[in-house]
Amino acid sequence: MSTIRLGDTAPNFDAETTEGKINFYDYLGDSWGILFSHPSDYTPVCTTELGTVANYKPEFDKRNTKVIALSIDDMESHKGWVKDIEETQEVKLNYPIIADEDKNVSNLYDMIHPNEDNKATVRSVFIISPDKKVKLTLTYPPSTGRNFEEILRVIDSLQLTAYHKVATPANWKHGEEVVISPAVSNEDAKGLFPKGYKEVKPYLRMTPQPNLD
């Protein structure tokens, strides 16, 4: 077990899921991916999270992003829990949940933090690019549900900055101005950013989001 850092290659694995046996890399294919863990089945916060992700799936699809959840309980438990999720959250679960009873994936991704809970996984989030590199990690305590609006915002930023020489400022949302990379000269910026830019400081130059018409 080792800590996974940004830029590392996401470990591959085979696992049983609520949608059958998968190979993680094959499941992701050429898509971006989100792997997120849950402390255990039949927990109230997790139930709301899994329902929320099901509702957000069209937004993930729009971003060419596949989601997959994990809990350390077994498949029979998962199947019963899915029924509860669908009933209480009024959704149809539309993505797989890994049954990680042997904690293989949890240990591969360092999802168990003994000083928090030595048996259950914390609320980990990994965003993985199509080349299987880890682009973002988030770790929440078991008691705090995740903000999936923020996770969508981060995907928008990651996908924008992967293909354009920009960064996104604090609280940025899709459609707002972005920051030109300091490595881009003013001369090059004129060609790269035909919409123009404003120089707030020599190191802080703002331009309209470049991948919008």
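Entry one, the helix pair. I looked up the handedness and found that α2 passes α5 in a right-handed crossing. I note here that this is a predicted model.

Next I wanted the residues that make this contact. On the α2 side I listed E49, T52, V53, Y56, E59 and F60. From α5 I wrote down F148, E149, I151, L152 and I155.

Then I turned to the geometry. Two packed helices are described by the angle between their axes and the distance between the axes, and I looked up both. Helix α2 covers residues 44-62 and helix α5 covers residues 148-163. They pack at an angle of about 30 degrees, and their axes are 10 Å apart.

Entry two, T17. I found this residue in strand β1, residues 14-17. Is T17 buried or exposed? Its relative accessibility is 3%; buried means under 20%, so T17 counts as buried.

I also checked what the side chain of T17 reaches. One of its polar atoms lies 2.9 Å from the backbone nitrogen of E19. The T17 side chain also reaches the backbone oxygen of G20, at 2.7 Å.

Last, I set aside neighbours within four places in sequence and listed the remaining contacts of T17: I22, M75, P96, I97, I98 and A99.

Notes
Residues are numbered from 1 along each chain as its sequence is written. This is a predicted model: local features need pLDDT of at least 70, side-chain atom pairs count only at pLDDT 80 or more; totals for chains, interfaces and linings use all residues. Side-chain values use heavy atoms; hydrogens and water are left out. Axes are lines fitted to C-alpha atoms, for helices over the stretch in contact, and angles run from 0 to 180 degrees between N-to-C directions. Helices (H or I, at least four residues) and strands (E, at least two) are DSSP runs, numbered from the N terminus. A crossing is left-handed if the near helix is turned anticlockwise from the far one by less than a right angle, and right-handed if clockwise. Contact means heavy atoms within 4.5 Å. Buried means under 20% relative accessible area, exposed over 50%, partly exposed in between (1.4 Å probe, protein chains only). A polar contact is a pair of N or O atoms within 3.5 Å; within protein, one must be able to donate a hydrogen and the other to accept it, and residues adjacent in sequence count only if both atoms are side-chain atoms.
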